Amino acid sequence: MKRRDLLRYLEQRGCECLREGGSHTIYVNRQEQKVSTIPRHREINELLARKICKDLGILEPLH
């Protein structure tokens, strides 16, 4: 999955960028009070994308 598609998916479900780190971006779901890090790679492994969604308390992408 492309990183930009994953970020768009997260933002559509109420998550927002908390801050930019050196090699990761920190996203937060304020409703669920959960946080996850997203690596700065063009491609994100499908298993990692599922884990990020699970960490943030949202449904997994269907791709």
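1. A word on terms to begin with: two strands count as paired if DSSP finds at least two bridges between them. Please also keep in mind that this is a predicted model. With that in hand, strand 2 and strand 3 run antiparallel and are joined by 6 bridges. Across this pairing, valine 28 sits opposite valine 35 of strand 3.

2. The sheet itself is open and has 3 strands in the order 1-2-3, paired antiparallel. Strand 1 (16–20) and strand 3 are at the edges with a single partner strand each, so one side of each has no neighbour in the sheet. On average, neighbouring strands are turned by 30° against each other, direction ignored.

3. Now for the helices. Helix 1 lies across strand 2 and strand 3, and runs at about 165° to strand 3. Helix 2 also packs on the sheet, where it touches strand 2 and strand 3. The direction of helix 2 makes about 160° with that of strand 3.

4. Which residues of helix 2 are buried? In this helix (residues 46–56) they are Ala49, Ile52, Cys53 and Leu56. They lie on the same side of helix 2 because they cover an arc of only 95° around the axis. These buried residues pack against helix 1 (3–12), strand 2 (24–29) and strand 3 (34–39). On the other side of helix 2, Leu47 and Lys54 are exposed.

5. Do look at both ends of helix 2. At its start, a side-chain oxygen of asparagine 45 comes to within 2.9 Å of the backbone nitrogen of leucine 47. Just after the helix, glycine 57 adopts a positive phi of about 75°.

Note on methods:
Residues numbered from 1 in each chain as written. Predicted model: local features only at pLDDT ≥ 70, side-chain atom pairs only at ≥ 80, totals over all residues. Heavy atoms only, no water. Buried < 20%, exposed > 50% of the residue type's maximum accessible area, 1.4 Å probe, protein only. Helix = DSSP H or I, 4+ residues; strand = E, 2+ residues; numbered from the N terminus. Arc of directions from axis to C-beta. Contact = heavy atoms within 4.5 Å. Polar contact = N/O pair within 3.5 Å; in protein donor to acceptor, adjacent residues only side chain to side chain. Axes fitted to C-alpha atoms, helices over the stretch in contact; angles between N-to-C directions.
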